[in-house]
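Please examine the sequence and the structure before reading the solutions.

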Amino acid sequence: MGGLCTAITQNVADLLTTTAVESMLCNSEFLMLLNLKENERHLLETELGISPNLMQYISNPDCGCGLLKFGNRVIPCDGRLPKDSAMYQLFNTNFHELAKIRKNQVKGEVKKPEFLYGQLDSSDS
């Protein structure tokens, strides 16, 4: 058919309340699972056949860590980035960190990252 379905959710339990959505989840060739609540881990362990040993990787992991499911293979993943890297600054979604950075930028204490805004000349600062 050539179709590609992409979805993102924070509440896996909601997905499993509808048969059609449950089928899409169970038939997905790729899943990235991050921190999940105990009841959601149990549901996925049952639905996807993930071993209890692997489930520990989505039980209060560090930010960016979890499990990747490719077809019938499930592997632990560590997607953490160094906080001083350009990639971290670009993809950071930590509200508290971003609020602190923006507050310091308003005060003029932190320069905007050059990789996002280009070389800043003296007229821009």
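**Exercise 1: the second largest pocket**

The second largest pocket holds about 530 Å³ of space. Determine which residues lie closest to its centre and how its lining divides by class.

Solution. The model is predicted, so local features need pLDDT of at least 70 and side-chain atom pairs pLDDT 80 or more, while totals for chains, interfaces and linings use all residues. Residues are numbered from 1 along each chain as its sequence is written, and side-chain values use heavy atoms, without hydrogens and water.

Step 1. On a 1 Å grid over the protein atoms alone, a pocket is an open set of points where a 1.4 Å probe fits, with protein on both sides within 12 Å along at least five of seven lines; lining residues have an atom within 4 Å of a point.

Step 2. Of the 14 lining residues, Cys63, Gly64, Gly79, Tyr88 and Thr93 are the closest to the centre.

Step 3. The lining comprises six nonpolar, five polar and three charged residues. Gly counts as polar.

**Exercise 2: the aromatic pair**

Classify the pair formed by Phe30 and Phe70.

Solution. Step 1. Rings of Phe, Tyr and Trp (its six-membered ring) pair if their centres lie within 6.5 Å; planes under 30 degrees apart are stacked, over 60 edge-to-face, and the rest tilted. The count by this rule is one aromatic pair.

Step 1. Phe30 and Phe70 lie 5.2 Å apart, centre to centre, with 50° between the planes, and the pair is tilted.

Step 2. Phe30 belongs to strand β1 (residues 30-33) and Phe70 to strand β2 (residues 65-70), 40 residues apart.

Terms used. Helices (H or I, at least four residues) and strands (E, at least two) are DSSP runs, numbered from the N terminus. Grid points are joined across faces, edges and corners, and a volume is the space filled by probe spheres set on the points.
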